[in-house]
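Subject: The structure we talked about

Hi there,

Here is the structure I promised to send over. Have a look at it first, and then read on for what I found.

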Amino acid sequence: METLKLNNGVEIPSIGLGVWKMDDATLAYKAIRFALDLGYRHIDTAMIYKNEEVVGKAIKDSGIAREEIFLTTKLWNDDQRSGKVTEAINASLKRLNTEYVDLYLVHWPVKETYISVWEKMEKVYQDGKTKAIGVSNYQPYHLDELLQKTEIVPSVNQIECYPYLSQEAVITYCKGKGIHPEAWGPLGAGKTDILTNPIMQGIAKNHNKSTAQVALRWNLQRGVIIIPKSVHENRLSENFSIADFSLTAEEMKQINRLDKNMRLGPHPDNFDF
Ligand code: NDP
């Protein structure tokens, strides 16, 4: 499993399992156990996904040592507004049945509080409750302000990113500041035709791979961490089997040209939760 080094030296597996919308506890448990058996060593959850307990149980029952698994969870917006960051991570740790997480992310940039919240994130990091801290859905201007006013540079910025939303500017900005880009919705979240796009299909055929594998490989080759979600065993295997082929420079360019700035989730300047 390929890992990348974050700006504080912590290693992160470049492919993780996203668990948003794994609402059914039995299905979620089965999918996570299956993924861990396959070799996934990185799980991306959040308080708001309401499945931290299942994630914790699946990890424990897998018998895999805790330190071999990279576990991410996130600080929800209500806990930012109330300023209860330590309380929120403590509650997540309890649900996850673990002493620490590997990455704690501020889930969305809540306008009024994102600077004061980051100072509290620095504290939970210094207290050893998480091995790294980062943000999600931050635009360069949020990060500019954070870098000016606070001490610790975020390790990760997790953003919506798939071929119709390439996020080139945000990714270039993040890389320039030592902030690792991570893609949520890397398959288009099942909401677009990206997986049946003819260009994607042509490239997939060249490599005898699926369009999902091509979409994931494209982000990986740009140095972007990916966290695809699936509850199906065949898809979990497929999404994890992308180390044995490479897209050519021309194929990368063809996929880059599919960008149409098409968001499937809310804009970070315009969310209402
Ligand atoms: P993804 O792009 O990972 O797409 C998931 C969808 O694609 C599901 O419907 C899944 O269906 C389907 N799918 C999975 N694999 C394949 C495949 N090989 N072929 C065809 N279809 C496939 O979307 P997500 O929104 O789940 O994003 C991934 C993760 O990112 C989330 O689970 C979450 O952890 C994180 N996230 C973070 C956000 C943030 O604000 N920070 C926001 C949204 C997500 P099925 O399960 O039925 O197989």
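Which elements of the chain have the lowest and the highest mean pLDDT? Strand E1 (residues 3–5) has the lowest, at 97, and strand E6 (residues 103–106) the highest, at 99. Here pLDDT is the predictor's confidence in each residue, from 0 to 100, and helices (H or I, at least four residues) and strands (E, at least two) are DSSP runs, numbered from the N terminus. Averaged over the chain, pLDDT is 98, and 100% of the residues score at least 70.

Two notes on reading the model. It is a predicted one, in which local features need pLDDT of at least 70 and side-chain atom pairs count only at pLDDT 80 or more, while totals for chains, interfaces and linings use all residues. Residues are numbered from 1 along each chain as its sequence is written, and side-chain values use heavy atoms, with hydrogens and water left out.

The sheet

Strands E3-E4-E5-E6-E7-E8-E9-E10, in that order, form an open sheet of 8 strands with parallel pairing. (Two strands pair if DSSP finds at least two bridges between them.) Strand E3 (17–18) and strand E10 (225–226) are at the edges with a single partner strand each, so one side of each has no neighbour in the sheet.

Strand E7 (residues 133–136) is covered on both faces: Ile133 and Val135 are buried on one side, Gly134 and Ser136 on the other. Buried means under 20% relative accessible area, exposed over 50%, and partly exposed in between (1.4 Å probe, protein chains only). E7 pairs with E6 in the parallel sense over 3 bridges. Tyrosine 104 stands opposite isoleucine 133, and leucine 105 opposite glycine 134. To get from E6 to E7 the chain passes through helix H5 (residues 114–126), a right-handed β-α-β crossover. Right-handed here means that, with the strands pointing away from the viewer, the path from the first strand over the helix to the second runs clockwise.

E7 is also joined, in parallel, to strand E8 (residues 156–160) by 2 bridges, with serine 136 and glutamine 158 as bridge partners. E7, helix H6 (residues 140–149) and E8 make another right-handed β-α-β unit.

Strand E9 and helix H7

E8 and E9 run parallel and are joined by 5 bridges. The crossover from E8 through H7 to E9 is right-handed. In E9, 5 of the 5 residues are buried: His180, Glu182 and Trp184 on one side, Pro181 and Ala183 on the other. E9 pairs with E10 in the parallel sense over 2 bridges, and glutamate 182 stands opposite isoleucine 225.

Leaving out residues up to four places away in sequence, histidine 180 touches Leu4, Lys5, Leu6, Ser155, Val156, Asn157, Gly223 and Ile225, where contact means heavy atoms within 4.5 Å.

Helix H7 (residues 168–176) has Val170, Ile171, Tyr173 and Cys174 buried. Viewed down the axis of H7, these fall within an arc of 160 degrees, so they line one face of the helix; the arc is that of the directions from the helix axis to the C-beta atoms. Their cover includes H6, E8 and E9. On the face turned away are the exposed residues Ala169 and Gly176. After H7 comes glycine 178, with a positive phi near 80 degrees.

Helix H8 and its cover

In helix H8 (residues 198–207), the buried residues are Met200, Ile203 and Ala204. They fall within an arc of 105 degrees down the axis of H8, so they line one face. Helix H9 (211–221) and helix H11 (249–256) are among what covers them. Exposed Pro198, Lys205 and Asn206 sit on the face turned away from the buried side. At the start of H8, a side-chain oxygen of asparagine 197 comes within 2.7 Å of the backbone nitrogen of isoleucine 199.

Valine 214 is in H9 and, at 0% relative accessibility, counts as buried. Valine 214 and alanine 204 are 10 residues apart in sequence and 6.1 Å apart in space, C-alpha to C-alpha.

Key. A polar contact is a pair of N or O atoms within 3.5 Å; within protein, one must be able to donate a hydrogen and the other to accept it, and residues adjacent in sequence count only if both atoms are side-chain atoms.
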